[in-house]
Amino acid sequence: MTATAFLDQFSIFSTIFLGIFIEAAPFLMLGTLASGLVEVFLNQNDFSRWVSRNPFAAALVGGLLGIVFPVCECGVVPLTRRLIRKGLPISASVAFLLSAPVFNLIVIASTLAAFGPGPVLFGRIGLSLLIAVATGAVFAFEKRPERLLLAQNLPVMTGASGALEIPLQVVDRTPVPQKLRRGLGIAVDEFFEMGRYLVFGGLLAALMQTFIPQSTLLSVSAGPVISVLVLVALAVLLSICSTVDAFIALAFTGTFTTGSILAFLIFGPMVDIKSTLMFLGVFKRRAVLYMILLPLLMSVLAGVFINLNTTW
Amino acid sequence: MNKYYRWTQVIIMLAFGLYLAERLWSGAVFFYINERFLPLIAFGALGALVLAGGALWLARQNNEYDHHHHDHDHDHEHAHAPQRFPLGTVLLAALPVLLGVLIPARPLGATAIDQKGLNMTGPLTVSGGAAATKLEIAPEKRTILDWMRAFNYAADPAEFTHQPADVVGFVYRPEQLADTQFLVSRFVVTCCAADGSAVGLLVEWPEAAGLEENGWVRVRGPVSVGALDGRPIPLITAASIEPVPQPDQPYMYP
């Protein structure tokens with residue numbers, strides 16, 4: 001490859017990478033700032049009051065919790081980690097992690113803008129919730145958090161039964177400005193820690209985009225099963241923020257089946273290159289595998305089912 | 001927490017914030033993202049500076065958030081032992097700014113089309129009521145994207161024959177075209193450069209072979225129905241081709 005050709009390719013690679021990063025970074029900032037605020041303003045007791053002791057019901061609550069936090073998949077990981085350490089049960093945390101990138105006001109608004117009120121909008125919201133809660137519920141079967149989380153992310157106090165013990169109420173009398181500065185400090189550290197996964201994932205996505213011709217992937221758009229697999233693969237490859245991926249999916253409505261578009265919109269926000277790397281910063285590898293495979297299976301099945309049984 | 005790491009955090013966040021601010025100011029940010037995200041990027045620049053401030057405060061406070069919390073995010077056990085400088089994290093964190101500053105900012109162009117392919121139908125769907133208004137645009141005012149849409153939505157593309165076209169795009173000449181043809185193209189970006197897909201119109205111009213690849217031109221002429229790879233595509237029999245400077249916003253937004 002000649003020097004100019006290499007520079008051209010590198011320029012494309014760099015433009016794509018920076019496009020992803022510049023777009024995602026503000027959301028990561030939102031997520032880490034929210035996370036820092038949660039750390040300084042929320043006491044551990046708060047969660048035990050809201051969330052049921054029953055881990056399966058907790059998964060449901062976790063799934064719905066997303067409506068309170070408007071973050072995309074970049075920002076949700078540091079926030080979830082913070083919530084775990086604040087005492088949110090793992091089943092709820094996983095459900096939250098998977099549903100929050102879709103079940104929030106910004107994403108609902110953008111999906112509505114792109115597709116209007118219809119099967120795509122409701123399918124996206126409903127199925128994302130269902131799959132997220134189901135995956136969270138599966139995690140409820142593992143009673144020992146230390147088998148799922150990396151050591152440094154374990155909740156602060158865990159009793160022998162695995163249930164969180166409520167510590168004696170510790171009144172935090174630090175003045176608010178001090179708390180804010182502390183929250184800011186936490187946000188910075190988290191931005192760097194999560195940011196490296198974002199950078200690495202963005203580099204990977206840009207590399208694949210620069211060197212795998214899109215035409216190779218897109219020649220398989222009509223089959224009820226293959227279209228689903230292709231768009232799911234594309235969702236992972238493109239790693240686009242859930243707040244805007246509805247507009248990307250719009251580009252496929254002419255050629256791809258509705259089931260595949262839904263699978264793209266459901267699985268993409270849950271798992272892609274950059275978010276997988278971020279998961280690995282919070283959970284153990286086996287847990288991450290479950291977090292990828294279970295939603296993958298359910299998304300693909302949902303997509304294929306819709307293609308074969310409905311005329312959407 | 002390593003003291004030098006704190007200061008590099010400050011530098012990197014500051015650099016990133018200033019980088020974003022400069023790109024916003026110069027307009028080069030339009031090479032990377034859709035224009036409607038400008039407020040978001042502005043927030044990003046601000047957020048980066050705020051985070052830089054946070055890191056600065058920590059650097060001057062000697063890195064301790066406070067002393068009675070031991071739920072550290074990072075993997076060290078002893079709060080007060082000197083820490084290794086996390087070179088890997090720093091390099092990764094610095095990479096976006098380095099790439100952004102060292103590589104001259106350029107929008108996606110002809111070489112990227114070789115990579116990503118030309119999109120004949122993709123980002124042409126328009127949601128809901130906007131479809132009707134988009135198709136009512138006068139022919140001379142149609143952009144490349146408008147023309148592609150019109151062709152795709154019309155029952156019979158032949159209805160556009162003899163309509164005048166006046167479009168701006170860059171020159172792209174794939175091998176399969178004759179010497180007197182080229183594609184006047186532009187990238188359509190929905191969210192950011194990562195999803196950019198190129199659209200183009202076929203142009204018939206005797207001196208096509210002499211045009212600079214990737215150069216920006218304004219093409220004027222009557223439209224007829226041409227074909228590319230077996231699909232109908234607007235064909236402009238150019239009456240005039242004039243080189244123009246690269247537009248401030250090189251991408252089109254669906």
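## Fold of chain A and confidence in chain B

The structure is a predicted model, and its scores are ipTM 0.86 and pTM 0.78. Of its 312 residues, 57% count as buried.

One of these helices, α4 of chain A, covers residues 73-85 and spans 19 Å from its first C-alpha to its last, which is close to the 18 Å expected for its 13 residues at 1.5 Å a residue. Because 13 of the 13 residues of α4(A) are buried, this helix is largely enclosed by the rest of the structure. Just after α4(A), the backbone at A:G87 adopts a positive phi of about 110°.

For chain B, the mean pLDDT is 84, and 85% of the residues in this chain reach 70 or more. Two stretches with pLDDT under 50 are listed below, together with their contacts in the model beyond near neighbours in sequence.

| Stretch of chain B | pLDDT | Contacts in the model |
|---|---|---|
| residues 66-79 | below 50 | eleven contacts, beyond near neighbours in sequence |
| residues 125-129 | under 50 | 13 contacts, beyond four places in sequence |

Where pLDDT is low, the predicted coordinates should not be read in detail. That caution bears on the eleven contacts of residues 66-79 of chain B and on the 13 contacts of residues 125-129 of chain B.

Note on methods
Residues are numbered from 1 along each chain as its sequence is written. Chains are lettered from A and ligands numbered from 1 in the order in which they are written. This is a predicted model: local features need pLDDT of at least 70, side-chain atom pairs count only at pLDDT 80 or more; totals for chains, interfaces and linings use all residues. A residue is buried if 20 or more other C-beta atoms lie within 10 Å of its own, exposed if 12 or fewer, and partly exposed in between; C-beta atoms are placed from the backbone. Helices (H or I, at least four residues) and strands (E, at least two) are DSSP runs, numbered from the N terminus. The expected span of a helix is 1.5 Å times one less than its number of residues. pLDDT is the predictor's confidence in each residue, from 0 to 100. Two residues are in contact if their C-beta atoms, placed from the backbone, lie within 7 Å.
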